[in-house]
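Biologist: Could you walk me through this model and tell me what stands behind each label you use?

Modeller: Gladly, let us look at it together.

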Amino acid sequence: MIYVGNLDYAVTSDDLRSLFDPFGAVTLAEVQVKSRTGQSRGFGLVEMPNESEAKAAIAALNGKEDRDRKLTVNESRPRRTVRDLYAGGGWFGSGGGGG
């Protein structure tokens, strides 16, 4: 799964797919939207089954300008939850407190 950030809010899932199509097969291209409003969150996820094609797409598109915005493209990391933050020592790391 590939994370694509700093997307223009007008970019659609079809637009996102067209960015990655030149690099190989794309099984999923989805701009993430807010459930209540349907407005773009400014990022999307792309799935490419061929690892070498995916790496080529990441290398070519990371930092590329699209609609006057510099894209952030990298391998997607698992989403962190509040529980993960507490289990890992919280927002402030595992050491000391203030006080």
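Biologist: What makes the largest nonpolar core a core, and which residues have the most contacts inside it?

Modeller: A nonpolar core is a set of buried Ala, Val, Leu, Ile, Met, Phe, Trp, Tyr and Cys residues joined through side-chain atoms within 4.5 Å. Buried means under 20% relative accessible area, exposed means over 50%, and partly exposed is in between, using a 1.4 Å probe and protein chains only. The largest such set here has 18 residues, and those with the most contacts inside it are Ile2, Val4, Leu16, Phe20, Val46, Met48 and Val73. Two or more residues each come from β1, α1, β2 (28-33) and α2 (51-61), and α2 gives the most, with four.

Biologist: What do the values rest on?

Modeller: This is a predicted model, in which local features need pLDDT of at least 70 and side-chain atom pairs count only at pLDDT 80 or more, while totals for chains, interfaces and linings use all residues. Residues are numbered from 1 along each chain as its sequence is written, and side-chain values use heavy atoms, with hydrogens and water left out.

Biologist: How do you know which stretches are helices and strands, and how many are there?

Modeller: They are DSSP runs numbered from the N terminus: H or I of at least four residues for helices, E of at least two for strands. That gives three helices and six strands, in the pattern β-α-β-β-α-β-β-β-α along the sequence.

Biologist: Which residues does Leu16 touch?

Modeller: Contact means heavy atoms within 4.5 Å. Setting aside residues up to four places away in sequence, Leu16 touches Val4, Leu7, Val11, Ala29, Glu30, Val31, Gly44, Leu45 and Val46.

Biologist: Why are Asn6 and Arg67 called partly exposed?

Modeller: Asn6 has a relative accessible area of 31%, so it is partly exposed. Arg67 has 41%, so it is partly exposed too.

Biologist: How do you know that Arg69 lies over the face of Tyr9?

Modeller: A charge sits over a ring if NZ of Lys or CZ of Arg is within 6 Å of the ring centre and within 35 degrees of the ring normal. Arg69 is at 5.6 Å from the ring centre of Tyr9 and lies over its face.

Biologist: What share of the chain is buried?

Modeller: Buried residues make up 27% of the 99 residues.
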